[in-house]
Amino acid sequence: MENEHVYLQVRDELRMNVNQQPHMATPYGQPQPGYQGYPQPGYGGDHVPSGYPAQYAPYNGPGSAYQQGPPQGTRGPPTSGAPPVSGAQNYSQFGQGENQNGPPPMGAPPQRPPVSQPYTPGAVNLPGPQHPYGQRFGAPPVSMQHMTNQMASMQVGSTAPSPAGPGYAPPSVSQAAVSAPYTTSAPPTFTPPTTATSQPPPTEALAQAPPHSYYGALPPVQQPFQNAVPTFSSAGPTQPQAPPPVSPQSFPQAPPISQPPFSTAQVHPGPTQSYRGPLPSTQSSFPRPPHPTSQPSAFPAGPPPTSIPSQLPGVMQPQPPVSQPSPYHSGPPTTSTGFPPQVGAPPRPSFPGMQGPPMASQGPPMASQGPPMASQGPPMAQANHILPTQPGMPPGPINASLSGPPPQPGMQGYPPQQNGAFGQVRGPQPGYTGPYPGQPNYGAPPAAPASAPAAPKRLDPDSIPSPIQVIEDDKANKGSEPFTTGVRGQAPPLVTTKFQVKDQGNASPRYIRCTAYNMPCNSDMAKQSQVPLAAVIKPLAPLPPDETPPYLVDHGESGPIRCNRCKAYMCPYMQFIEGGRRFQCGFCNCVTEVPPNYFQHLDHTGKRVDCYDRPELSMGSYDFMTTVDYCKNNKFPQPPAFIFLIDVSYNAVKNGTVGIVCQELKTLLDYLPRENPDVESNIRVGFVTYNKVLHFYNVKASLAQPQMMVVSDVADMFVPLLDGFLVSVSESRVVIESLLDQIPEMFADTRETETVFGPVIQAGLEALKAADCAGKLFVFHSSLPIAEAPGKLKNREDKKLVGTDKEKTLFQPQVSFYNTLAKECVAQGCCVDLFLFPNQYVDVATLGVVPTSTGGSIYKYTYFQAPSDQERFLNDLRRDVQKQVGFDAVMRVRTSTGIRATDFFGAFYMSNTTDVELAGLDCDKTVTVEFRHDDKLSEETGALMQCAVLYTSCSGQRRLRIHNMAVNCCSQLADLYRNCETDTIINFFAKYAYRSVLSSPTKNVRDSLVNQCAQILACYRKNCASPSSAGQLILPECMKLLPVYLNCVLKSDVLQPGADVSLDDRAYLRQLVSTMDVAESHVFFYPHLLPLQKLDVESMALPMAVRDSEERLSRGGVYLLENGLNIFLWVGVSAQQELLQNIFGTPAFSQIDPNMTSLPALDNPFSKRLREIIESVRAQRSRYMKLMVVKQEDKLELIFKHFLVEDKSNSGGASYVDFLCHMHKEIRQLLS
Amino acid sequence: MATYQEFIQQNEDRDGVRCSWNLWPSSRLEATRLVVPVSCLYTPLKERPDLPPVQYEPVLCSRANCKAVLNPLCQVDFRAKIWACNFCFQRNSFPPSYAGISEVNQPAELMPQFSTIEYIVQRGPPTPLIFLYVVDTCLEEEDLQALKESLQMSLSLLPPNALVGLITFGRMIQIHELSCEGIAKSYVFRGTKELTPKQIQEMLGLMKPATSGQQGKPLAPHDAAAASCIFLQPVQAVDMNLTDLLGELQRDPWPVPQGKRPLRSTGIALSIAIGLLEGTFPNTGARVMLFTGGPPTQGPGMVVGDELKTPIRSWHDIQKDNARHLKKATKYYEALANRAAVNGHSVDIYACALDQTGLLEMKCLSNLTGGHIVMGDSFNTSLFKQTFQRVFSKDYNGEFRMAFGGTLEVKTSRELKISGVIGPCVSLNTKGPCVSDNEMGVGGTCQWKICSLTPATTLAMYFEVVNQHNAPVPQGGRGAVQFVTQYQHSNTQRRIRVTTIARNWADAQSQIQHIESSFDQEASAVLMARLGVFRAESEEGPDVLRWLDRQLIRLFMFHLRRSPFLQVFNNSPDESSYYRHHFVRQDLTQSLIMIQPILYSYSFYGPPEPVLLDSSSILPDRILLMDTFFQLVIYHGETIAQWRKAGYQEMAEYENFKQLLQAPLDDAQEILQTRFPMPRYIDTEHGGSQARFLLSKVNPSQTHNNLYAWGQESGAPILTDDVSLQVFMDHLKKLAVSSAA
């Protein structure tokens, strides 16, 4: 059995296991719980003593629980003979908790795996297994790491856990603890519990070798726990008999009790219990119903196999789902049942069978329905269950089912359900099963064998890891508790989850996200795993209103206190010694004297007494005031300036941008960024228009009329005036308004079609130089600059080069002029934002050089038409002008000895290898930093990094923004895999690949991406997963989405363009992605697709997203898709009239105007809610997204389909399923 | 026969010609022995209220290399309707329009009193006058304000249809667009980058749009007029606009750090002005009027760096070859001047500053194009204001006393060739049979371009007698010279003025007495002085003096020698340039004043009388009025000054004293009214600091060296080491004797 793997058997060859790290976690998790418990208690202080005991108790509890588990195992299948043996080992490994599970799994390893696989999907399994086995312990661990973690956190928090609470909670707690615990508590706790002796600790993942072996064993165990167990449990418990559930419940309760101590001791015992209480109820209610339905079918059929077969034979698609679900359940059941009974061969066969059947049988409907269901969670599960039935049912039913009570409950219940699931085998399981498409497969497997022959060999989309599911699980598990940053090595919630952050010494994930929160201790490990070690840093990220912005720290005239050697700034990692007279740098270990005015006594723990009074000693992020030493030329900077440079050539006038910009600026100028909202902005403004010559404007307050100064000497640009060019808005308002009124008139009849570009930037640069300040240029440009001037370009668009070795030249600037210019801009602190309105090729690759080197942005509005694009442009412009921005910034990332920041990605310039220079740094800009080992890291101290950004604020103050981040270091690969974040990895990969296209053919870039990804997964498979058939694809839980996301990157327009993608678009996207943060890159590569027909007008919640595949679209539905750049409203041909009426004000599909860019404001709740949703989605993104209405079977649908990234793309991009198979093949090659 | 005096006067009145000799030695050898060459001063546009222009084209000799104009000296066969050219003896038939010609019905050009005649011809469309103001904004606020007012005022003086343009400069150069409504537009250039005319025209959008095929080809004048209209607009159309624009002119906004001069891009500003005009209105009369308050300090044409610690070049520096920008800048401005001259555009320089402004380098702009140079201390002085106003003065016909785009052609009879011209003109490099190989002044051509003319513009023309000694001219033979001046009248008409003069040949051996008596001392003095100045411009100072000393021994030479035209001592290079500039263009009378200032004495003893320019004339009970052309000094003697201080003039019983005080003022006022440029007016008294202007001019017959030797003679001693006339004469006599030996 493999932990939390989804086993997918595509063919006999292909078996996919998604290894849910959770499993890993679970084992850890358990230990962790202890940890957390410990630490927390510690935190608690008073509690500490009690806490510890409590924790211990909990452990014991768990242990007991586990033991209980075993009992359970004994009861059920687990005990089932053989398995136990192997299982036993496994169990031991797993951590005592799972022993129980282990045994069962062991017994039925094969089965479980299958089962587990289905479960892998994780949550499902978890719930199932735990409950049944009681072992919430087992279950929890089993349960997705996320789950667990979340759970853990939940419990801690009290709220979240509560639902899952009882059962899960404990486990989760344990998991949460896991990370921390590892080192310390874990072992002890474990040891006690596990009789396993040595193994226990190892089991927890700590033990490397053992772990592996354990994994081998454990994984199964774990998986079993989660997957298998869940399945089992679910299947077993629910259908099989009330008893199991009962028992599970009882278990849960019992566990809860035991657990409660953990959680309770630490946090809120009460709540947890209460939760438990509720949970069970909910779970029971929910889960069961669903289970009954779905599972029943399967079950009814008899053991999984039976059911499956039946289904398979029956209705291919519809049934398959059914069958699948059933399989899932059945699978689990089978497993569960199997534990005892099936344990034997059946399960495995099931796998193949599963896959087979699922694939074929499930077909699209299932998948579509399934996944969403799954993702939603319990309800989903139910839905799934229902779905199965639904298969037969058209979308309608599905919807109904989805939208129906189950989903909602599910929604609400999610946590509960999961919890329930965990707690209650059945409940959760259903949910899980549902959610996990895999489960069906698993379930199917049994059937598969039978069905295999009949079924096509395709992999069932529902059986493969679903992004939606993962997102939903994370939301459910982590969304309701604040994320505290104090614990090192703890992965934050996903970017798709809303959460609050509490800064307890590490930077908020809004500022820094890492690919791995457990870094390998040495470079060998790092090389072996191939997991990129990177941090995505967004230094000035905006915070939600409920989080405190970084404090401003002033260390007085001597400036911020820093390490003497490495110059790191004072931070929580500085260790004060010698009674506080000196401090030792956490980065380089150098000891530095504490300046007298900074001296403070230490308390008995060695902490400074004023530790909590000083943000720089207790927080992860804060600002420093700087002294004049930190300023350019040792002079305090002038307030920055904004210069607006407007193309007034024929094209620009004709498409309306000139008028729009001028009109907008009149009001926009009142909203220039400022630090104190009550005070006028210090930023001065200037205006330039240009075609092939430049027009500067003197808008001095004393003038009656603005004066225009034409500079036609574009070969040698200069600024014709000083006084009166950059002015304060309030002083010169009248003149400025007059100017903005007159510009459109003056050029209304222009015949000038040629433009320049280089001189325009030079002009702005020179103006800033003349004014001796930093600033930002807003360039509104329309065409390829072909006029005779420096930086003149020629049209080099040549699609024939696409796909050749010369393709890279298309991404490179065609002249070096702009590189030089960019350098000068950076030196002056001149940031360039470029707004493009092209009607044809403008060579974004070249024009974008300066913006992307100066921390600027590019906005592109191809074929701009005022009526339809104005809103988008204006919103972008407003935001761009108003957003907080720093100038003349230098960013430096310091790290612990042992690693070093080696590579940087983003919009900046580097004149040396360490300093990232950003002429402008706004709140949307992200820099991705890659780290490499240059020595060993210590597990004790972990890896520290400090990102210091020196910048000039919009009021002209010179400041330092400091972000500190500490992650754990691990000597076990498993730890690495268990604590990484796929979204961040993808962010890194995308930026890396997008930069590589500058120097390598895109095909090579794609290949190397695939290769690296395969190596990562192969390494996991080889080192962290239990041995299993080569035909199985085993994915680490944390990375189970890696393939799907990677595929999205691979088939993105930059790396694999379709015929209709222009070079400009590719260059544009390439540059765009380079500054994206994780949230943006996530949605960019995997668009967010919302089924509106499931929208609950009453609820604030969004309907659960569906996977990006055409198969998931219902002809009767209306869907909203957004990727951070566009919003599409897809209308199915047979969408309900009422729906259409509500949205468009017309019941007729044919009367919907596909050209509309905003929805009519109709007075009905649905319309209101929908528009609210659109607005809120827009508000989340840094760029305004234009709404496009796409009617099914309309021409435009092609564009839309482009974003259904799980499908095969027109440009030859593989579908998710195909890619997964391909990836598997690659992995197998690596392994063999 | 009238006296020579009368003859000379008569000729001058009729033709504007004064010859050094009114009888010409008939052979080359004799002519060279006369020392003073056969030469004349010619005032092409001498005001002739009594000369109505004729409204037809002149009749030209048909010989291709002659093309002389029919004149009273030609022999005419009325019956055959044929005339013989008196220069080349070509026989030409009259054009059909002269069919009615007969002895009694002669066209004006055949009448002797019309030896100078003016034709109005129709050639192409009339082109308006163009005035392009090039204004330095690196001025003190007060100066700028005064300048702005003067400029605004000048708009009312311009002919309403004249085109006007405005360029301002400081660190940058702005060409203001005048046609636009609303926003004031200007094109800006940086002051440090030299641009080719083509670039300037491109940048000003004066090129045809690329669509029309040939890129980079300047517009035909026709289209150009349309294209350029954004910079050059009829005064009547943009009067208000321009007045506002001028009113809003600000001082150059770029900060001037301590210890620096403002950055002044005069060179590029001029280059752009000239480029604009040559791109739009080539061969059309135009004035570029540069108003500057300091030296060019950056870019091509810079005269001095912006470091105040480096002073502007002095004669001393120049002699030591220590003026690093001099040659380069001079070369630059010469190139500009030549471009302007080729296109018939003239450049005026109005330089008002206490220090030098780089006239030395820039003078060629005006000298070659016939432009004015006015030098003053500040734009806020009446000297500038009045002078500037006087640029736009009108004649008896109400027409501006200015003409543009003149071309002067000289034709001579066979015995004579033209050696060159000294005056505000450039050579057109037209070779012809009458061009002498022996160059004096601007030679090697028979045609000169005079971009801008006033009625006072006077050229010195030098001839060479080429007749050989062994080929005597027949008795009674006359040598003839014809001056043909084509120009654009200020009323935009094209006109041609033809002056034909003739002088008798005389055999120097037999008729030396006659020749002697025909000598025009004044004209010769000026002509020789011009030669001296011309050489001084191009040669080392001492050499010129030596040359002059060798050439002539006459009274005025003493003063000429001491004049600022030749003597650079105590003058800045700019001042020297300024004085020389005016010297080579003013008419004879004015030139004489320049050479030997006039000194009038006012006293109770009689009417005002001219007195010797000698320190002995400075007496306590006299008021002196000295006119040096550039300065007008009223000097009150010691006693007079005391009386005046005592206020006697206020008392009724001393009315006569009051009148005495008033008399020189009135006379001075009269001079001030007409003189261009307006002289510096100085009212001083004995012991006053300004008395130095007088003291420096008078003959230092009494100095601290000889005061007591001269005994009781009254007069004012002059503290100088300069030699007095007496000493000079003594030396001269010695020299004359020794050289004769």
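Trainee: Which residues does B:W547 touch, not counting residues up to four places away in sequence?
Mentor: B:W547 touches B:M528, B:L531, B:G532 and B:R535. Keep in mind that this is a predicted model. B:W547 itself sits in helix α14 of chain B, which runs over residues 541-551.

Trainee: Why is B:W547 called buried?
Mentor: Buried means under 20% relative accessible area. B:W547 has 9% relative accessibility, so B:W547 counts as buried.

Trainee: What makes A:R1066 count as buried?
Mentor: The relative accessibility of A:R1066 is 0%, and the cut-off is under 20%, so A:R1066 counts as buried. A:R1066 lies in helix α45 of chain A, residues 1063-1073. Leaving out residues up to four places away in sequence, A:R1066 touches A:V802, A:E807, A:F811, A:T1002, A:D1053, A:V1054, A:P1057 and A:V1061.

Trainee: And A:S738, why is that one buried?
Mentor: A:S738 has a relative accessible area of 15%, which is under 20%, so A:S738 is buried. A:S738 is found in helix α34 of chain A, residues 733-746. Beyond residues up to four places away in sequence, A:S738 touches A:Q705 and A:P706.

Trainee: Where does A:A516 lie, and how do you know whether A:A516 is buried or exposed?
Mentor: A:A516 lies in the loop between β4 (512-514) and β5 (518-520) of chain A. Its relative accessibility is 1%, and under 20% means buried, so A:A516 counts as buried. Apart from residues up to four places away in sequence, A:A516 touches A:L533, A:V967, A:L976, A:N979 and A:C980. The C-alpha atoms of A:A516 and A:A534 are separated by 7.5 Å, and these residues are 18 apart along the chain.

Trainee: What share of chain A counts as buried?
Mentor: Of its 1232 residues, 68% count as buried. The secondary structure of chain A comes to 50 helices and 30 strands. Among contacts in chain A with a separation of 6 or more, 77% come from residues 24 or more positions apart.

Trainee: Let us look at helix pairs. Why are α42(A) and α43(A) called roughly antiparallel?
Mentor: Helix α42 (residues 982-996) and helix α43 (residues 1002-1023) of chain A pack at an angle of about 150°, with their axes 9 Å apart. Angles over 145 degrees count as roughly antiparallel. The two helices are therefore roughly antiparallel to each other. The crossing of α42(A) with α43(A) is right-handed.

Trainee: Which residues meet there?
Mentor: From α42(A), A:F989, A:A993 and A:S996 meet A:V1005, A:L1009, A:Q1012 and A:I1016 of α43(A). The residues of this contact divide into five nonpolar, two polar and no charged.

Trainee: What makes α43(A) roughly antiparallel to α44(A) as well?
Mentor: The axes of α43(A) and helix α44 (residues 1042-1050) of chain A come within 10 Å and cross at roughly 170°. With the cut-off at over 145 degrees, that makes α43(A) roughly antiparallel to α44(A). On the α43(A) side the contact is made by A:R1006, A:L1009, A:V1010, A:C1013 and A:L1017, and on the α44(A) side by A:L1042, A:P1043, A:L1046, A:V1049 and A:L1050. These residues divide into nine nonpolar, no polar and one charged.

Trainee: Where does UniProt place the feature "domain: Sec23/Sec24 beta-sandwich" in chain A, and how much of that span is strand?
Mentor: The UniProt record, an unreviewed entry, places that feature at residues 886-969 of chain A. The span is 64% strand and 0% helix, and its end C-alpha atoms lie 34 Å apart. In chain B, the UniProt annotation of that name (unreviewed entry) covers residues 403-506. Residues 403-506 of chain B are 55% strand and 0% helix.

Trainee: Which residues does UniProt list for "domain: Sec23/Sec24 trunk"?
Mentor: UniProt (unreviewed entry) lists residues 637-881 of chain A. Over these residues the chain is 36% helix and 18% strand.

Notes: Residues numbered from 1 in each chain as written. Chains lettered and ligands numbered in written order. Predicted model: local features only at pLDDT ≥ 70, side-chain atom pairs only at ≥ 80, totals over all residues. Heavy atoms only, no water. Axes fitted to C-alpha atoms, helices over the stretch in contact; angles between N-to-C directions. Helix = DSSP H or I, 4+ residues; strand = E, 2+ residues; numbered from the N terminus. Parallel < 35°, antiparallel > 145°, perpendicular 65-115°, else oblique. Left-handed = near helix turned anticlockwise from the far one by under 90°. Contact = heavy atoms within 4.5 Å. Nonpolar A, V, L, I, M, F, W, Y, C, P; charged D, E, K, R; others polar. UniProt positions renumbered as here; feature names shortened; annotations may be inferred. Buried < 20%, exposed > 50% of the residue type's maximum accessible area, 1.4 Å probe, protein only.
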